[in-house]
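This report goes through one protein model, taking strand pairing, helix packing, aromatic rings and disulfides into account. Please keep the sequence and the model open while reading.

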Amino acid sequence: MAKLLVKFQRYFRRKPVRFFTLIALYLTAGSLVFLHSGFTGEPTVSENEPNPIEGTSERTELQDLGVLQLSRGFKEAPESLNPARRFGPWFKSTSKDTSERSKVGDYGGTWSRALKGRNVREKEEDRAKYIGCYVDNTHQRALRGVSFFDYKKMTVFRCQDNCAERGYLYAGLEFGAECYCGHKIQALNVSEAECGMECKGEKSNVCGGVNRLSIYRLELAQESARRYGSAIFRGCFHRPDNTSIALPVSQVMLNMSVDKCVDFCTEKEYPLSALAGTSCHCGFPTTLFTLHDREDEQLCAQKCTGEDFESCGTAEYFIVYQTQVQDNRCMDRRFLPTRSKQFIALASFPGAGNTWARHLIELATGFYTGSYYFDGSLYNKGFKGERDHWRSGRTICIKTHESGQKEIESFDSAILLIRNPYKALMAEFNRKYGGHIGFASHAHWKGKEWPEFVKNYAPWWATHTLDWLKYGKNVLVVHFEDLKRDLFVQLKRMVSLLGIMVFEDRLLCVESQKDGNFKRSGLRKLEYDPYTPEMRKMISKYIKTVDTALKVRNLSGVPDDYYPR
């Protein structure tokens, strides 16, 4: 055997071309065998499935739905193609649904995609049941609870889960990326063909269309989950002068409780629930009932007739809760109808709350804000002006952290947002190492990153403000702390600089929707002060410099809570 191998070796050394020819023939033969084996089996249907209608279009649609189980030499398809497993625990397929799906095939385009999405959804589900496609518009929402957007990762399950977690009865998806929640559908049902947009994060499912909602009814496990658990306590307030106008819907409840009043106002689609003894009032925050002048809670401390451990207010002093119903008076947003020739900056040091200020401005004005940069995560969360070039003229103002003379002088006016440097530095450090709403790890705080960060960024906090005061034109200074403390007044100043006429009722609506998608949770806080005495000494010097610069220009200095540290 060894002698034979040696002879072959010598032969191919003398004839290398023949050797390579033999290798090529071997590989070609192997490829042909492989391709032949791939086409030897015809597609087969599992025993429980009805035979599909003849034709290419029908087969393609059924394959997309996971109904046909293709086989290459096997009698049964892999379990992963089973539609009951494909869509997770929220969906359960039935033989009835399967037989209905076998009839698909006479339609194409948008209608086919709509049918595909509907057939996937029309199954017996544990937590959600598809209701249909409904009309929606920015002025009269079909679902009037909370809403959120994600133009990159939206899925049906995610929308359903978020709405169910907040106790809503319905979840609706629109434009492939928008999720709306509500307790009542207030719109017309339309053809399934109008809901044909794929979900941004799940191509196999449909997420509504343009001004069209794919709506699901959430089958909650516990009825108590629909109750007022997530309603927000707003405080004790004096009865408005004209209650019937300020709070237009009311009902007497002899067995009054917070649950009953909140549930009543939620069902009536109002964001405010006011308890007045045995009377329940519902409405919106308006100039007649601003919720700005809170009273001592003892004035409202009258026991509920239906619940001894709750306060239900009196005829003169109302206990007020904010329900889960979203106040849609300030939720419409669009680009400027005509391009602006004036460029207004929303300038701040990183970590000073610029994204939150943008959220407030968009709600207050109804126009998108732009950015000097491009942040995909912000665009995906609904800041649609993020993608525009900052000089496009389509946005109401432009976010910027720039502090150079040339960059500053390119703007015609500016809102300068200033925040306590101790808080701003920590916020930016968390963003840099943990994302927009995440947190830096313990190792980052204790490692070399934090001292190096403070050394480089603390001087920038001061020079950023000084540069804008020096080179900026028509600069309005707003302190982050004042904006949090008195949002209505400060936001009114900001909107005035933007040259937009806004009704006070809209600003009151903004107050109830003030938390945007990028509010970092306050639950996770450092258990120690990360600032060393040397850091505090350096930062205090910068605070005094900025304070002096503000006062020289006849502006109010930094807020008192910047001192002491």
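## A buried aromatic pair

Phe411 and Trp468 are both buried. The model is a predicted one. Between the ring centres of Phe411 and Trp468 the distance is 6.1 Å, and the planes stand at 45°, so the pair is classed as tilted. Phe411 belongs to the loop between helix H12 (405–409) and E22, while Trp468 is part of helix H15; the pair thus links distant parts of the chain, 57 residues apart.

## The parallel sheet and its helices

Five strands make up an open sheet with parallel pairing, in the order E20-E21-E19-E22-E23. Its edges are strand E20 (370–371) and strand E23 (475–479), each of which pairs on one side only. Strand E22 (residues 413–418) runs parallel to E23 and is joined to E23 by five bridges. Opposite Ala414 stands Val475 in E23.

Two helices can be described against this sheet. Helix H10 (residues 354–365) packs on the sheet and touches strand E19 (344–348), E20, strand E21 (398–400) and E22. The direction of H10 makes about 145° with that of E19. Helix H15 (residues 449–471) also packs on the sheet, where it touches E19, E21, E22 and E23. For H15, the angle with the direction of E22 is about 155°.

## Antiparallel pairing of E3

Strand E3 (residues 128–135) has antiparallel pairing with strand E10 (residues 212–218), over seven bridges.

The whole structure holds 26 aromatic pairs. One of them is the edge-to-face pair of Phe349 and Trp460, at 5.3 Å centre to centre with 75° between the planes. Phe349 sits in the loop between E19 and H10 and Trp460 sits in helix H15, so this pair ties together parts that are 111 residues apart in sequence. What is the relative accessible area of Phe349, and is the residue buried or exposed? The value is 3%, and because buried means under 20%, Phe349 is buried. Trp460, at 25% relative accessibility, counts as partly exposed.

Both residues belong to one aromatic cluster, which is formed by Phe349, Tyr422, Phe429, Tyr433, Trp445, Trp450, Phe453, Tyr457, Trp460 and Tyr531.

Two arginines lie over aromatic rings. The charged end of Arg387 is placed over the ring of Tyr379, 4.1 Å from the ring centre. Arg419 lies over the face of Phe480, with 4.2 Å to the centre of the ring.

## Disulfides

A disulfide is a covalent bond between two cysteine sulfur atoms. Nine disulfides are found in the whole structure. Among them is the link of Cys265 to Cys282, with an S to S distance of 2.0 Å. This link has -80° about the S-S bond and is left-handed. Cys265 is located in helix H9 (residues 258–267) and Cys282 in strand E14 (residues 279–283), so the bond ties together parts 17 residues apart in sequence. Both Cys265 and Cys282 are buried.

In the disulfide of Cys304 and Cys312, the sulfur atoms are 1.8 Å apart. Which hand does this disulfide have? The torsion about the S-S bond of Cys304 and Cys312 is about 95°, so the disulfide is right-handed. Cys304 is buried, as is Cys312. Cys330 and Cys509 are joined by a disulfide with an S to S distance of 2.1 Å. The torsion there is about -65°, so the disulfide of Cys330 and Cys509 is left-handed. This pair links distant parts of the chain, 179 residues apart: Cys330 is in the loop between strand E18 (317–322) and E19, and Cys509 is in helix H18 (residues 504–512). Both Cys330 and Cys509 are buried.

Note on methods
Residues numbered from 1 in each chain as written. Predicted model: local features only at pLDDT ≥ 70, side-chain atom pairs only at ≥ 80, totals over all residues. Heavy atoms only, no water. Pairing = 2+ DSSP bridges. Helix = DSSP H or I, 4+ residues; strand = E, 2+ residues; numbered from the N terminus. Contact = heavy atoms within 4.5 Å. Axes fitted to C-alpha atoms, helices over the stretch in contact; angles between N-to-C directions. Phe/Tyr/Trp six-rings, centres within 6.5 Å; stacked < 30°, edge-to-face > 60°. Buried < 20%, exposed > 50% of the residue type's maximum accessible area, 1.4 Å probe, protein only. Lys NZ or Arg CZ within 6 Å of the ring centre and 35° of its normal. Disulfide = S-S within 2.5 Å.
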